[in-house]
Amino acid sequence: MNRPSPASENLSLPPAPGARTGMSTEALRRAVVEHLRYSCTKEIEDATPFDLYRALSHAVRDRLIHRWLATRQAYLADGNVKMVCYLSSEFLIGRSLGLSLANLGLEDKAARIFRDRGFELSSVLECEHDPGLGNGGLGRLAACFMDSLATLDLPAMGYGIRYDYGIFKQQIKDGQQVEQRDDWLQDGSAREMPRYELSQLVNFGGRVESHTDPDGRFKTQWVDTQQVLGLPYDFYVLGHHTDTVGTLRLWSARATRDFNLALFNEGDFRRAVEQKIDSESISKVLYPNDSTDAGKRLRLQQQYFFVACSIADIMRRHKIGRKAFSDLPRGVVIQLNDTHPSIAVAELMRVLVDLENLDWEVAWEITQKTLAYTNHTLLPEALEKWPVRMFEQLLPRHLQIIYEINRRFLKTVHVHWPGDTERLQRMSLIEEGPDRQIRMANLATVGCFSVNGVAKLHTELLQKELLRDFYELWPERFNNKTNGVTPRRWLLRANQRLSELITTRIGSEWTMRNFDQIRQLKDFVHDERLLDDLWRVKRDNKIIMSRLIKERLAIELDPESMFVVQVKRIHEYKRQLLAILQVISLYLDIKRDPSLQVVPRSYIFSGKAAPGYQIAKQHIHLINDVADIINEDPAVAGKIRVAFVPNYGVSLAEVLIPAADLSVQISQAGKEASGTGNMKFAMNGALTIGTLDGANIEIREEVGEDNFFLFGLTVAEVNALLRTGYDPETYIDRSPRLREVIAILESGFFSPSEPGRFAAIVQNLRQHDPFMVCADFDAYVATEAAAAQAFTDRRGWARKALLNIAGSARFSSDETVQQYAKEIWKVRPVPVDVRKFSEP
């Protein structure tokens with residue numbers, strides 16, 4: 001047997017007491033070595049950064065589980081805990097190991113341990129995959145909320161889907177988006193804990209039988225179904241400066257019967273594993289392309305699968321306490337994060353009526369008191385509708401329940417507005433037509449006690465337009481809860497230089513659980529040394545971002561230039577097209593007059609287009625083609641650079657956002673529900689150029705009108721144009737600049753190998769322009785130029801940046817969650833002290 005080397009001999013000692021959960025440097029070191037050996041089968045001298053990452057992940061998970069058990073014990077000891085159950089089809093959690101180390105207070109200790117072995121902690125943390133379990137703001141908001149719930153000691157469970165493959169990995173080939181699988185589980189995941197004993201069975205298909213029981217009660221049975229097993233995986237979410245650990249429970253689909261030996265022995269190998277393939281496809285990928293019936297069917301299966309598993313789990317926990325079902329609303333509140341989980345209304349009714357034998361009226365009262373709904377969109381196409389025929393095939397019992405809910409609801413509507421058949425048609429849960437549809441947003445609104453928007457304007461538009469009929473019926477149900485983001489990840493973690501600078505002026509209390517303290521920065525607007533330091537911090541962040549872009553794209557950006565950043569999901573209403581048209585316009589200005597003095601700009605784009613969204617993918621192609629031409633043109637060298645950074649996700653955002661000077665938030669007014677990227681940018685000292693849309697309005701109020709570059713049509717002006725008939729050609733004709741930009745697009749200048757490549761974009765601009773790019777073009781160009789001019793005043797710009805940081809206090813997810821807790825959920829904090837937790 002080989003004797004351990006002297007350097008590692010002391011590592012052979014048995015673990016000291018408390019090594020599994022201890023918080024000292026020595027306890028953590030021993031835990032890492034133990035997991036390295038017994039979880040990773042490696043000796044310390046043979047370990048790679050990835051081995052160390054796995055071992056450290058296990059060691060950290062031990063400490064999180066220790067606190068999770070203490071949290072559970074605290075809730076049991078309290079005896080009167082009300083739990084928030086947050087249902088979301090997306091949780092864009094990002095890398096978690098570094099954040100968990102910071103929240104445990106172990107980051108410096110871990111760094112010392114690895115440095116002693118010749119490793120940097122940063123290289124170890126870089127081994128963690130960035131799970132793409134969301135597509136943008138919706139999933140990121142859910143992750144921020146889980147962070148804030150734990151930080152505020154609020155009892156909570158998050159429920160979602162453990163997708164085998166997250167949102168696709170984006171590559172750019174020949175300027176075009178190419179989707180690759182995002183195999184975030186390829187190396188396993190030490191962050192999660194499978195809970196086999198809590199698996200749930202989910203039914204699909206089959207038929208419904210009805211009968212009358214001996215007591216004369218009408219009963220139904222859902223029979224001859226196909227069953228899928230839901231296996232839960234728990235992720236542990238530790239709060240900041242607290243011992244509370246929340247649970248994010250994600251469901252993975254498994255077959256109830258993996259393998260048919262008889263078919264295999266007959267040589268029918270494909271059918272032998274058919275059930276396994278069909279069942280496990282449910283949690284295979286986030287947002288399968290739903291342009292086909294098969295894709296739609298899979299999306300509906302996904303939504304019902306995780307809702308059914310989650311409600312079964314909620315009911316299981318409720319029964320443990322042997323509480324009456326009428327007590328369910330006092331013990332739990334189920335928050336639906338957007339329309340995806342709205343089938344929960346019908347599922348909870350099915351469980352209460354069919355399985356628990358409650359009368360309809362009693363079950364409906366419980367359901368309406370338990371469920372709450374957050375709407376996240378104003379786009380009609382995003383308010384999910386499912387074909388009735390699909391429900392008949394997949395969820396026949398739920399269709400019956402929805403029909404009965406609708407029958408009773410329309411009776412209520414008729415009583416309020418007798419003879420108003422048009423209103424009845426608008427409010428019905430069923431949209432009539434050749435292919436009848438179930439309106440899921442209407443179902444959620446009818447079945448929930450609270451309906452909230454996510455920004456003041458968004459909520460107003462819900463009440464006045466999208467859900468106006470429902471608001472007129474139940475005004476008390478509607479309320480606003482403006483979104484927020486966690487400062488732990490988006491400032492403390494992503495921008496440590498800025499965090500340290502802030503602390504030099506206002507102390508460290510803001511880093512605890514009191515982000516509102518950051519408002520004190522307003523007192524330092526005349527501190528010239530602080531303003532100069534703030535400029536230097538931004539420049540340092542820009543250097544880091546420039547290195548990343550050079551490494552990935554071979555494009556060099558000048559850190560002294562103004563970094564104009566638009567990073568978000570690629571969608572027509574978000575108007576990346578408007579942004580690149582402005583870049584083209586500036587490029588043409590310089591080409592006309594090479595001696596023109598302009599403020600140097602670096603334009604950075606990033607974001608993913610849905611695989612089936614061809615127009616959005618064309619916009620990505622256009623941005624990349626424009627970048628290729630501009631970056632190779634010596635006439636504009638040192639004046640303009642353009643970069644599209646592929647595969648936008650949480651980890652990339654943590655580099656791009658702290659480096660931005662100008663945050664581009666230019667959605668058409670009335671289309672963006674809120675936005676959270678705008679908040680992250682302001683929190684990191686970027687100024688916003690934007691429309692009066694979503695949370696932009698409230699950001700402008702908080703940071704000051706002079707510190708926000710406003711342009712564009714208002715909602716009222718957009719609606720007036722739509723009423724009178726919007727004609728984009730009118731705006732093209734009156735704008736020589738816009739005509740020039742469209743002409744060069746038509747000429748094929750940016751796509752010489754395929755001159756007609758962007759003909760569809762030009763045609764859409766001329767004939768349709770659904771999001772009024774042409775109407776807002778001149779105003780955007782002028783406002784962007786004004787922002788560039790303001791950038792030349794370094795201290796003036798830094799002062800505006802400082803006021804943006806101070807103004808971001810209102811947009812912490814802690815404040816948003818506190819509003820939910822007080823005004824919707826009616827939950828209270830339950831403090832946890834791990835020192836009181838007795839280990840076996």
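Is Arg195 buried or exposed? Select Arg195 and look: with a relative accessibility of 14%, Arg195 counts as buried, because the cut-off for that label is under 20%. Keep in mind as you click around that this is a predicted model.

Arg195 and Glu197 form a salt bridge, and the closest N and O atoms sit 2.8 Å apart.

Next, widen the view. Select Asp234, Arg249, Asp313, Arg316 and Arg317 along with Arg195 and Glu197: these residues are linked in a network of salt bridges. Across the model, the count comes to 74 salt bridges.

Hop over to Glu128 and Arg191. Their salt bridge has its closest N and O atoms 2.1 Å apart. Glu128 sits in the loop between α6 (121-125) and α7 (137-151), while Arg191 sits in the loop between β4 (176-180) and β5 (192-194), so the pair ties together parts that are 63 residues apart in sequence.

Last stop: Lys319 and Glu356. Their side chains meet in a salt bridge, at 2.6 Å from N to O. Lys319 belongs to helix α11 (residues 293-320), and Glu356 lies in the loop between α13 (344-355) and α14 (360-370); the pair links distant parts of the chain, 37 residues apart. Lys319 has a relative accessible area of 42%, so Lys319 is partly exposed.

How values were computed:
Residues numbered from 1 in each chain as written. Predicted model: local features only at pLDDT ≥ 70, side-chain atom pairs only at ≥ 80, totals over all residues. Heavy atoms only, no water. Salt bridge = Lys/Arg side-chain N within 4 Å of Asp/Glu carboxyl O. Helix = DSSP H or I, 4+ residues; strand = E, 2+ residues; numbered from the N terminus. Buried < 20%, exposed > 50% of the residue type's maximum accessible area, 1.4 Å probe, protein only.
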